[in-house]
Amino acid sequence: MSQDQDNFRDTIATINEEGKRAWIFPKKPSGKLYEYRKYASYFLLVFLFAAPFLKVNGNQFLMFNVLERRFNVFGFLFWPQDFYLFVISMLIGVVFVALFTVAFGRIFCGWMCPQTIFMEMVFRRIEYWIDGDRGAQIKLDRQKWNAEKIRKRVIKWIAFFMIFYLIANVFLAYLIGSDRLIRYIYEGPLAHLSTMVSLLIFTAVFYFVFAWFREQVCIIACPYGRMQSVLLDNKSIVVAYDHKRGEAENGRKKWRKDEDREALGHGDCIDCFQCVNVCPTGIDIRNGTQLECVNCTACIDECDTIMEKVKLPKGLIRYASEDEIVKKEKFKFTPRLKGYTAVLVILTGILIGMLFLRTDLEANILRLPGQLYEHKEGNIISNVYAYKLVNKTSKDINDIHFALVSHKGTIKLVREGDFSVKAQQLSEGTLFIEINNAAIKSDKEKLKIEVYSGDTLIETTTTAFLAPRSYK
Ligand code: SF4
Ligand code: SF4
């Protein structure tokens, strides 16, 4: 590639020569892949908006209550005590995304990322509907403020604001829970001023991101986009321009009717610029894979339409790896992919195992700090403990009692009788464990304690028991 051809690396399409923001007015995409992306976006939007309002076994389907440290994932309730599961899930997510990126490039960005879904499938479509296609949008942007421009801008900003406010509400439902959000709505904003302020801040952030910052999120801010250069190789399948076919021996050239391009040595690219005009990040995919490309496939659709018109085979821009274009190599399961897959399978296995071992009730029984032991009548040694029980389910757990199974002894609660732990709550208290000295073999014994709800064993835990040295 000559230095001239390499110039595109020195600039980005969204900043002009004076260093100011250059607005992108992409042409409205159309074609087979765009239709598929629309269906994918409908599914994801419904999921995104419905997930905090769906309930499974009385639990919100998805909730990330960071303030109260309660998390629901697919209806399962997770507490801070389950943080290890969260860490493993995050690791699986990272390996999964890396695996997918190595194999299929930035496919996640184009088809699943909420930023692309909202930007391309919601807000841009509203813009096409109000302002018209690329040409009309450029004209409107350049024209002086008149009645038409004011009307269109006001309609657009109001429509955007309403959607941003709706998104902010849904976002809040993920954070504080949908039940609480609905209650707040019924009670009115004046009763919950701080929540209202938070909502307006979220709305302003969404406004900034989708109305102004837009594709800059993918180009500048998103760390995933930056990882491309590390993860991609010549075998990764990405949205790619077939430069072998497009350029041939003598390069691309404008279309002329009845011209024998093959004989002239020109490639199939007719230099119509439609793939550039349709690109939401403003790049020219013919320069090769670039960090800015979000794999939205709009250029594939656009070029296919052009190829159809000039009666050349489709797929000049398509999903392909560099090796497929240059060496005609088919997709291969490379050692790198095998490595990622192995790590993914191992981590998933660990997560499934841990989910199976996870109990409905978590019990912690710890000796009270600073307390030794008490020597009681009848050669009995007594230790005092603080217990903490966390009910991770959406139902009350009743008739709870403890049983000492490793030693012959008794457990005495400071409170009287069996007790309950309410759904999604915790219960704390004090208990004494008393063991006859004859059963004690060392000055620090490990005790095994079972926790029952009625006759059902629900958790097994261990704790330490201190005794005088003379009992060794
Ligand atoms: S749309 Fe196709 S033919 Fe037109 S410039 Fe792009 S690659 Fe070339
Ligand atoms: S180059 Fe093509 S796939 Fe990449 S962002 Fe632009 S239009 Fe989308």
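## Helix α4 against α6

In this predicted model, helix α4 (residues 114-131) and α6 cross at roughly 155°, and their axes come within 10 Å. That angle makes α4 roughly antiparallel to α6, because angles over 145 degrees count as roughly antiparallel. The crossing of α4 past α6 is right-handed.

From α4, the contact takes in Phe118, Val122, Phe123, Ile126, Glu127, Ile130 and Asp131. They meet Lys152, Arg153, Ile155, Lys156, Ala159, Phe160, Ile163, Phe164 and Ile167 of α6. The contact of α4 with α6 has 11 nonpolar and 5 charged residues, with no polar ones. Glu127 and Asp131 sit on the α4 side. Lys152, Arg153 and Lys156 sit on the α6 side.

## Helix α6 against α8

Helix α6 (residues 147-176) also packs on helix α8 (residues 193-213). Here the axes lie 8 Å apart, at an angle of about 125°. That makes α6 oblique to α8. This crossing of α6 and α8 is right-handed.

On the α6 side the contact residues are Trp157, Phe160, Phe161, Phe164, Tyr165, Ile167, Ala168, Asn169, Phe171, Leu172 and Leu175. Their partners in α8 are Thr195, Met196, Leu199, Leu200, Phe202, Thr203, Phe206, Tyr207, Phe210 and Ala211. By class, the contact of α6 with α8 has 18 nonpolar, 3 polar and no charged residues. Phe160, Phe164 and Ile167 of α6 take part in the contact with α8 and also in the contact with α4.

## Helix α2 against α17

Helix α2 (residues 83-104) packs against helix α17 (residues 335-357). The angle is about 155° and the axes are 9 Å apart. That makes α2 roughly antiparallel to α17. Their crossing is left-handed.

The α2 side of the contact is Tyr84, Leu85, Ile88, Ser89, Leu91, Ile92, Val95, Phe96, Ala98, Leu99, Val102 and Ala103. The α17 side is Arg336, Leu337, Tyr340, Thr341, Val343, Leu344, Leu347, Thr348, Ile350, Leu351, Met354 and Leu355. The contact of α2 with α17 divides into 20 nonpolar, 3 polar and 1 charged residues. Arg336 of α17 is part of this contact.

Around ligand 1 stand Tyr241, Cys269, Ile270, Asp271, Cys272, Phe273, Cys275, Arg286, Cys303, Met307 and Ile317. The shell has 9 nonpolar residues, no polar ones and 2 charged ones. Asp271 and Arg286 are in this shell.

Strands of a sheet pair through backbone hydrogen bonds, either parallel or antiparallel. One open sheet has 4 strands, in the order β13-β11-β15-β16, and its pairing is antiparallel. Its edge strands are β13 (419-421) and β16 (456-466), and each pairs on one side only. Neighbouring strands of this sheet are turned by 40° against each other on average, direction ignored. Strand β15 (residues 444-453) runs antiparallel to β16, and 10 bridges join the two. Lys444 has Leu466 in β16 as its bridge partner.

Another open sheet has 3 strands, ordered β3-β4-β5, with antiparallel pairing. β3 (62-65) and β5 (76-78) each have a single partner strand, so one side of each is left without a neighbour in the sheet. From one strand to the next, the twist averages 25°. Strand β4 (residues 70-73) and β5 run antiparallel and are joined by 3 bridges. Asn72 has Leu77 in β5 as its bridge partner.

Definitions and conventions:
Residues are numbered from 1 along each chain as its sequence is written. Chains are lettered from A and ligands numbered from 1 in the order in which they are written. This is a predicted model: local features need pLDDT of at least 70, side-chain atom pairs count only at pLDDT 80 or more; totals for chains, interfaces and linings use all residues. Side-chain values use heavy atoms; hydrogens and water are left out. Axes are lines fitted to C-alpha atoms, for helices over the stretch in contact, and angles run from 0 to 180 degrees between N-to-C directions. Angles under 35 degrees count as roughly parallel, over 145 as roughly antiparallel, 65 to 115 as roughly perpendicular and the rest as oblique. A crossing is left-handed if the near helix is turned anticlockwise from the far one by less than a right angle, and right-handed if clockwise. Contact means heavy atoms within 4.5 Å. Ala, Val, Leu, Ile, Met, Phe, Trp, Tyr, Cys and Pro count as nonpolar, Asp, Glu, Lys and Arg as charged, and the others, Gly among them, as polar. A residue is near a molecule or strand if one of its heavy atoms lies within 4 Å of it. Two strands pair if DSSP finds at least two bridges between them.
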